[in-house]
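Colleague: I am new to this structure and would like to learn how to read its features one by one. Could we go through it together, with the general idea before each case?

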Amino acid sequence: MGNSSVYDTIEEVLKAQGRILLQTTGISMEPLLHDRKSTVVIEQAAGELKKYDVALFSRPSGEYVLHRIVKVRERDYLICGDNGLYKEPVLKENVLGVMTGFYPDEGEKFVSCEDEEYRRYLRTLGVRYGARRIKAALRRIRRKFYILLRGG
């Protein structure tokens, strides 16, 4: 019959096995995770997640997204990719799992979210987010200045 998996969805794997390994796609979590090179270990979310956890969630469109929690609120989380600027509210019931570790670049070296190497990266997040916001503001100012110079 050609069916390579007993499970149809990530949710089913997490429910049955408690964890899943997924290869990342996209650049939203760079510089930590790299497009089609990093593999993450996702475990079923048990209870409330905390600030800076990396959550796997599903959007209403069915798209799966892996982004970092930047704020915990009563009904939802504000989530943003490490390489992103915009925070997205995600209802807590849409969170499927949490990253507990990863294999950075197609290597065999596993980095746990409890390791000091990962903790050092977390300590730089505030500076990284701030630098991206400043760069985005400078780009907007530059565009407006350019429009003014052209007589717009």
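Colleague: In which loop does Arg 36 lie?

Modeller: Helices (H or I, at least four residues) and strands (E, at least two) are DSSP runs, numbered from the N terminus, and Arg 36 lies in the loop between E1 and E2. Before going on, please keep in mind that this is a predicted model, in which local features need pLDDT of at least 70 and side-chain atom pairs count only at pLDDT 80 or more, while totals for chains, interfaces and linings use all residues. Residues are numbered from 1 along each chain as its sequence is written, and side-chain values use heavy atoms, with hydrogens and water left out.

Colleague: How many helices and strands does the chain have, and in what order do the elements run?

Modeller: The secondary structure comes to 3 helices and 8 strands, and from the N terminus on the order is α-β-β-β-β-β-β-β-β-α-α. Along its principal axes, the C-alpha trace spans about 65 × 40 × 35 Å.

Colleague: What share of the 152 residues counts as buried?

Modeller: Buried means under 20% relative accessible area, exposed means over 50%, and partly exposed lies in between (1.4 Å probe, protein chains only). Of the 152 residues of the chain, 35% count as buried.

Colleague: Is Lys 92 buried or exposed, and which residues does Lys 92 touch?

Modeller: Lys 92 counts as buried because its relative accessibility is 19%, and its place is the loop between strand E6 (88-91) and strand E7 (95-103). A contact means heavy atoms within 4.5 Å; leaving aside residues up to four places away in sequence, Lys 92 touches Glu 48, Val 72, Arg 73, Glu 74, Arg 75, Asp 76 and Tyr 77.

Colleague: Which residue meets Arg 36 in a salt bridge?

Modeller: The partner of Arg 36 is Asp 35, with 4.0 Å from N to O, and Asp 35 counts as partly exposed at 32% relative accessibility.

Colleague: Which residues form a nonpolar patch on the surface, and which gather in a patch of positive charge?

Modeller: Patches are made of residues with over 30% relative accessible area and no salt bridge, like charges being joined within 9 Å and nonpolar side chains (Val, Leu, Ile, Met, Phe, Trp, Tyr) within 5 Å. Ile 134, Leu 138 and Ile 141 form the nonpolar patch, with about 310 Å² of accessible area together, an area that comes from the Shrake-Rupley method with a 1.4 Å probe, where for residues only the protein chains shown count as cover. Lys 135, Arg 139, Arg 140, Arg 142, Arg 143 and Lys 144 gather in the patch of positive charge; here Lys and Arg count as positive and Asp and Glu as negative, with His and the chain ends not counted, and the place of a charge is taken as NZ of Lys, CZ of Arg, CG of Asp or CD of Glu.

Colleague: Where is Leu 138 placed, and where is Lys 144 found?

Modeller: Leu 138 has its place in helix H3 (residues 125-149), and Lys 144 is found in helix H3 too. Leu 138 counts as partly exposed because its relative accessibility is 46%, while Lys 144, at 58%, counts as exposed.

Technical notes. A salt bridge is a side-chain nitrogen of Lys or Arg within 4 Å of a carboxyl oxygen of Asp or Glu.
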